[in-house]
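Thanks for coming, everyone. Please have a look at the sequence and the fold on the screen, and I will then walk you through them.

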Amino acid sequence: MYFQELISDSPLYRQKLDFEPTSSSVNIDLTHTEIFRSNIENIYSKFESDIKTLANVIKSQKKLIEYNSLYNAFLIDQISEEEFIKESENYTYSPQDIDSEVLLNKLTCLFKYTGCEFTSSELAEIFQCRQENIEESLRQLPNNSFTVATIT
Amino acid sequence: MVLTKIGESVEGKKLAFQCRKFHPQRPYKEERLDNITVFPVKLTIFGIAVIDTELNPKKFFFNKSSALNKDDEIRGEAIKAFSIKPIPDKTVKPATGRHKANFFYSKDDTYAEIEISIRHILEKK
């Protein structure tokens, strides 16, 4: 009876059925789909910004690795300087101005999850922004973090 | 003149670099140079950048406080530099009795700046 009332109230439920062949009872757990979904969304939104930041870092590092391969090819004369300059256009970026608050969150996320040390020019390359932006945001980090962040 | 403080820089037509670790970085459009593409590199573990050939005319192109005279040099734990042409081949040869180091030259207008000073590292330790 209760089960029917629930169903008539809202058609979307997630159910979990436990059935033991040797038992005469069946356990049914019901969770409202909206509640289930909102819980998942809450977890996702909590980490969404961090995931985006780290995904961008991975993409940036992949590009750098590819560029280094190209540079090595140039150094060992596998490609000419003209070819190198032409190919390197694929890896060239235009530094953008990023709001210091936004950048501070990205930097905090990067330091928190990687524990790595970066120089400000490396950070500017990773986030494709001006080095002045990085330095401004680093100054806002708590004491000593700035030192740690700039030592290679 | 030997410069060793963070932010001190040199500019020249051709710079000679020395370091233990050499990191090419991705090229970018430098807004202060009318968005031309520059080829940056980073030198670490005791980097040195010396002016081998002065700019002609001898006038800064990037930072008005840069040293511009032949043989002016910067020394630092980390040095960032860029040139408007790709920095060509480098030669590895003994730098001291025990260690080898990278020696190489830039080809055209080049800027180099101390990113981390040696004193900074010593103070940290």
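Read along the sequence, chain A runs α-β-β-α-α-α-α-α-α, which comes to seven helices and two strands, where helices (H or I, at least four residues) and strands (E, at least two) are DSSP runs numbered from the N terminus. What you see is a predicted model, in which local features need pLDDT of at least 70 and side-chain atom pairs count only at pLDDT 80 or more, while totals for chains, interfaces and linings use all residues. Residues are numbered from 1 along each chain as its sequence is written, and chains are lettered from A and ligands numbered from 1 in the order in which they are written.

Let me turn to confidence, given as pLDDT, the predictor's own score for each residue from 0 to 100. Chain A averages 81, with 82% of the residues scoring at least 70. Within chain A, confidence is highest in helix α3 (residues 81–88), at 92, and lowest in helix α7 (residues 145–150), at a mean of 47.

Now to helix α2 of chain A, which covers residues 33–75. Its 43 residues should span 63 Å at 1.5 Å a residue, and its end C-alpha atoms are 59 Å apart, which agrees; the expected span is 1.5 Å times one less than the number of residues. There is also a kink of about 45° in α2(A), centred on A:F47, the bend being the angle between axes fitted to the seven residues ending at a residue and the seven starting there.

Is α2(A) largely buried or in the open? A residue counts as buried if 20 or more other C-beta atoms, placed from the backbone, lie within 10 Å of its own, as exposed if 12 or fewer do, and as partly exposed in between. Of the 43 residues of α2(A), two are buried, so this helix lies largely in the open. Across chain A, buried residues make up 15% of the 152 residues.

After α4(A) comes A:G115, with a positive phi near 70°.
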